[in-house]
Amino acid sequence: MEGITVYAEGVYKEYGSIVALGGVTLRVARGEVYGLVGPNGSGKTTLLRILAGLVKPARGVVRVCGRDPYREFNEVRECIGYLPEDANTYSLLTGYEHLKLYARIYGLGEEAIKYGAELSRLGERLRDLTGTYSHGMRRRLLLALVLMRRPRVALLDEPTSGLDVYASVAVRNTIKKYAQETEATVIVSSHNMLEIEYLCTRVGLIYRGVIVDEGSPRELAEKYNASNLEEAFVRAIGELSAKY
Amino acid sequence: MPSTSRLRAFLWKELREYTRDVKAVVITVVVPPLALIAIGLVTVLLAVQRPLVICVVDLDAGDYSKTLAQMLHSYLAPVYVVVESSDLTTALRDPRVDLVVVIPEGFSRNATSFEIVAFVRIIKRAGISGEQIDMAESRVKSVVSAFSAMLSESKIAKLAEIANITVNARAVRDPVQVEAPVYIGVHGEPARVEDVWRPFIARILILSISFIVTPASTYIIDGVIGERERKTMEMLLASPLGLTEFLLVKTIAASIVGLLAALSDLLGLYTYTIVLASLLGGFILGVVDPGLIALHAVVSFLTILATISISLPFISRTKGVRSASSVATLISTLGVALFISGWVVDFYKLPRGVLGPLLLVPYAHSVLAIQAYVYGDYSLVAGSVITLSALSVVLIYVSTRVLDREKVLLAQTYYE
């Protein structure tokens with residue numbers, strides 16, 4: 001367990017008759033950027049919500065920063081930063097007011113607000129109401145709100161979802177820079193294989209609520225005899241689809 | 001344990017967002033005072049637009065019937081449309097006519113006779129607002145009664161002249177009468193005119209609480225379901241703010257909004273009272289005593305708190321604004337029903353067996369507190385206010401205990 005910041009063992013979660021997670025096992029070490037890749041409905045969001053302590057697992061063991069995120073929520077949320085997939089901003093508050101609000105909620109000072117402003121790269125637009133922002137600008141601000149307090153574990157659910165190329169590059173660069181500077185554990189879920197290859201040191205393929213394979217992007221590509229991660233993903237999931 | 005700095009930060013955000021929504025603020029502040037005035041104005045305007053039509057049919061055409069017809073016309077015309085006719089069938093077939101006063105043939109002869117009683121017939125058209133037509137009927141009867149008194153006085157005078165005695169016509173006509181009633185206060189002291197009007201003002205205060213229940217419910221729906229639907233809730237729940245602080249701030253903010261509505265409601269009430277005072281005389285201003293107004297403010301705040309605390313557990317677990325609105329409407333309707341019954345029913349005088357079960361509903365305490373104040377029963381006022389506060393606090397506590405992050409977050413049933 002030494003060096004492991006995120007640990008999950010045989011985690012199950014059902015919503016009525018729907019099995020969202022069917023026994024996920026995961027270990028992510030400090031400083032690692034871990035990519036969670038899987039088709040829609042494979043359990044990525046549920047897994048991240050469980051790691052963030054928002055959803056209670058039906059069975060299994062989960063530890064984040066050495067604690068149970070659901071039962072010891074107050075302690076764990078001090079060390080995690082969580083960006084939900086479809087998170088939004090308050091349209092009647094300015095970008096700066098968002099930074100101020102979250103800084104106060106986290107008990108941080110002016111320095112954190114400055115750092116957040118820098119991470120967001122929104123400059124003077126921070127003075128405008130976020131209702132006037134583009135989707136990409138809002139996403140950058142939300143990412144800054146999560147990272148401004150320098151969490152030891154950053155859980156990012158599809159951080160570039162719905163963004164254009166330029167906005168995606170900006171978000172990706174921010175994540176990469178943050179991971180390098182802080183040695184934090186970052187778990188990113190994404191459908192964008194290019195992004196995963198660029199950001200992640202290790203990737204987990206999740207299918208039907210189970211992590212079916214794991215490795216570095218290069219290892220996975222070699223294993224599935226593919227030229228890149230996208231091809232490897234299609235082959236891996238294709239094989240499984242044929243089985244089920 | 002909720003942190004005050006986090007609570008302050010989140011409350012700051014709530015109020016900043018709210019004050020920037022100019023339309024919402026205007027509606028909260030302007031609607032309650034306008035509602036009271038509008039209710040009065042609309043009622044008066046509609047009544048003026050469609051006045052009752054009274055047709056006087058004089059089938060006798062004698063001197064006395066003409067005098068009565070003239071009296072009816074001059075007394076009723078300022079309020080109603082009064083028309084005259086000599087043909088009953090035409091009057092009855094005219095759909096515009098609501099009430100027909102028939103002065104039958106032989107009326108003048110019978111009216112002056114010492115042996116026969118003269119009659120006037122009233123015919124009312126079915127389907128007209130009961131209260132409106134009954135009031136018209138009562139006014140017709142008053143005019144006929146005045147005419148009858150006038151005739152009886154001349155008849156008595158004639159008989160006295162024949163008998164050669166001195167007679168007081170009233171002593172013959174109405175030998176026993178009831179004196180004008182005297183009002184007394186709660187403790188038997190003579191009541192002032194303001195004391196007579198105080199229950200009426202208290203009833204208006206009770207009714208006016210109905211206008212503030214809805215803004216509070218609307219705010220809490222938007223506060224909880226809106227956060228979830230606008231996708232701003234999940235990040236907050238994962239932050240150190242937590243669910244208890246989240247719900248607590250939403251409750252405080254909704255109470256502030258409700259209180260704002262209550263204050264403007266009070267402003268409306270004052271305007272309404274001033275309008276009433278200009279019609280009835282200045283004394284009514286003295287009826288609005290500061291204690292009653294202060295109590296109204298406290299009760300309004302606690303009523304809002306009770307509304308929110310009842311709605312919260314249901315609203316937080318509903319799937320969307322539509323179902324949350326249905327729940328809130330149901331709760332508001334319960335409140336409005338009780339406030340309307342508080343307008344007509346004296347809860348204070350209800351038998352224990354009836355009042356007991358009613359007191360399980362927090363809103364009954366709102367009504368009872370104000371009514372008990374009018375009766376000078378201050379211990380019951382205190383009891384009702386304390387019960388209302390305690391119920392609200394307990395319900396809010398229960399809400400924060402029965403709800404958990406997962407239930408609030410996943411009420412929308414979105415899984416991936």
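What radius of gyration does chain B have, and what would a compact globule of 416 residues have? Chain B has 30 Å, whereas the globule would be near 22 Å. The radius of gyration is taken over C-alpha atoms, and the globule rule is 2.2 Å times the number of residues to the power 0.38.

Before going on, some conventions. This is a predicted model, in which local features need pLDDT of at least 70 and side-chain atom pairs count only at pLDDT 80 or more, while totals for chains, interfaces and linings use all residues. Residues are numbered from 1 along each chain as its sequence is written, and chains are lettered from A and ligands numbered from 1 in the order in which they are written.

I will stay with chain B for now. Its C-alpha atoms fill a box of roughly 105 × 50 × 40 Å along the principal axes. Chain B is divided into domain 1, which takes in 4–44 + 193–412, and domain 2, which is 52–173; these bounds come from an automatic or database domain assignment. The centres of domain 1 and domain 2 of chain B, over C-alpha atoms, are 52 Å apart.

The secondary structure of chain B is 17 helices and four strands. Helices here are DSSP runs of H or I with at least four residues, strands are runs of E with at least two, and both are numbered from the N terminus. Of the 416 residues of chain B, 35% count as buried. Buried means that 20 or more other C-beta atoms lie within 10 Å of the residue's own; 12 or fewer is exposed, in between is partly exposed, and the C-beta atoms are placed from the backbone. As for contacts in chain B between residues at least 6 apart in sequence, 77% join residues at least 24 apart. Two residues are in contact if their C-beta atoms, placed from the backbone, lie within 7 Å.

One residue of chain B as an example. B:A136 sits in helix 6 (residues 130–163) of chain B. B:A136 counts as buried because it has 23 C-beta neighbours inside 10 Å. Apart from neighbours within four places in sequence, B:A136 contacts B:L52, B:I54, B:Y80 and B:L99. Of these, B:I54 is 82 residues from B:A136 in sequence and 8.4 Å from it in space, C-alpha to C-alpha.

Now chain A. It has nine helices and nine strands. The radius of gyration of chain A is 18 Å, close to the 18 Å that the globule rule gives for 244 residues, so chain A is as compact as a globular protein of that length. The box for its C-alpha atoms is roughly 55 × 40 × 35 Å along the principal axes. Buried residues make up 50% of the 244 in chain A. Of the contacts in chain A with a separation of 6 or more, 67% are between residues 24 or more positions apart.

Next, the strands of chain A. Three of them form an open sheet in the order 2-1-4, with antiparallel pairing; two strands pair if DSSP finds at least two bridges between them. Strand 2 (18–29) and strand 4 (59–64) of chain A are at the edges with a single partner strand each, so each has one side without a neighbour in the sheet. From one strand to the next the twist averages 20°, where axes are lines fitted to C-alpha atoms, for helices over the stretch in contact, and angles run from 0 to 180 degrees between N-to-C directions. Strand 1 (residues 4–15) of chain A is joined to strand 2 by nine bridges, and A:Y7 stands opposite A:R27 in strand 2.

Elsewhere in chain A, strand 5 pairs with strand 6 (residues 153–157) in the parallel sense over four bridges. A:I80 stands opposite A:V153 in strand 6 of chain A. From strand 5 (residues 80–83), A:I80 and A:Y82 point one way and A:G81 and A:L83 the other, all of them buried. A:P151 lies in the loop between helix 5 (135–147) and strand 6 of chain A, and outside four places in sequence it contacts A:C79, A:I80, A:G81 and A:A184. A:P151 is buried because it has 22 C-beta neighbours inside 10 Å.

Last, the two chains together. How many residues of chain B are in contact with chain A? The count is 24 residues of chain B against 29 residues of chain A. Helix 1 (4–20), helix 10 (233–238) and helix 17 (405–409) of chain B each supply at least two residues of the side that touches chain A. Helix 1 of chain B gives the most, with eight residues.
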